[in-house]
Amino acid sequence: NAGVTQTPKFRVLKTGQSMTLLCAQDMNHEYMYWYRQDPGMGLRLIHYSVGEGTTAKGEVPDGYNVSRLKKQNFLLGLESAAPSQTSVYFCASSSWGGSQRGYNEQFFGPGTRLTVL
Amino acid sequence: ELKVEQNPLFLSMQEGKNYTIYCNYSTTSDRLYWYRQDPGKSLESLFVLLSNGAVKQEGRLMASLDTKARLSTLHITAAVHDLSATYFCAVDRSNYQLIWGAGTKLIIKP
């Protein structure tokens with residue numbers, strides 16, 4: 001199993017350009033997440049999905065869009081990149097079904113380092 | 001406001017010493033997660049604590065959870081250089097999300 005993979009690993013954009021980050025998981029997990037990590041700020045949730053065809057906003061969704069057309073893939077789009085979006089982006093997935101007996105252990109991809117000039 | 005606070009945020013220690021990282025949280029969650037991140041790498045799950053009084057150990061690391069005090073600890077015994085990393089704790093929110101601490105950067109000197 002590859003686990004959670006992310007494409008690309010690195011990217012440099014100019015302000016105003018657009019791009020899509022791809023996350024794929026082969027663990028048949030229902031839940032998927034996009035985070036950004038900035039120095040000294042821990043992880044901040046951008047968007048998440050609780051199943052194929054569903055998406056929801058996290059704490060910092062502005063400037064990003066997502067889609068979950070297939071269960072195994074979760075795409076993060078930047079329509080018009082800004083320097084404030086320079087960050088490391090992590091995708092994660094979880095098998096938790098929302099049950100009180102379960103738990104939300106998340107498994108992370110290797111990350112995408114994005115620089116916006 | 002829901003918060004997870006870790007302390008210290010930075011810790012430099014000598015090999016062979018013991019130390020504890022603290023994770024305080026403001027929710028009523030009884031599930032807490034510890035992760036490790038090496039520099040430039042991704043996050044790796046270390047422990048999942050699922051109830052009050054839960055204790056888990058892996059090598060020189062031991063994590064515990066006190067839900068009444070809303071406190072989890074990550075104890076390092078006889079530290080070795082390989083344990084140098086950033087350690088994060090996280091707790092459940094009600095709507096499928098985790099709330100993350102800011103991380104504790106641990107440097108262990110030979």
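Trainee: What makes the largest pocket a pocket, and how much space lies in it?
Mentor: About 760 Å³ lies in it, counted as the space filled by probe spheres set on grid points joined across faces, edges and corners. It's called a pocket because its points, on a 1 Å grid over the protein atoms alone, form an open set with protein on both sides within 12 Å along at least five of seven lines; a cavity would be points where a 1.4 Å probe fits but cannot get out. This is a predicted model, where local features need pLDDT of at least 70, side-chain atom pairs count only at 80 or more, and totals for chains, interfaces and linings use all residues. Residues are numbered from 1 along each chain as written, chains are lettered from A and ligands numbered from 1 in written order, and side-chain values use heavy atoms, without hydrogens or water.

Trainee: Which residues lie nearest the centre of that largest pocket?
Mentor: Of 34 lining residues (an atom within 4 Å of a point), Gln37(A), Gln37(B), Asp38(B), Pro39(B) and Gly40(B) lie nearest.

Trainee: And the second largest pocket, how much space is there?
Mentor: About 320 Å³. Leu43(A), Glu59(A), Leu2(B), Ile99(B) and Trp100(B) are the closest to its centre, out of 18 lining residues.

Trainee: How many residues of chain A are in contact with chain B?
Mentor: With heavy atoms within 4.5 Å as the cut-off, 24 residues of chain A meet 20 of chain B.
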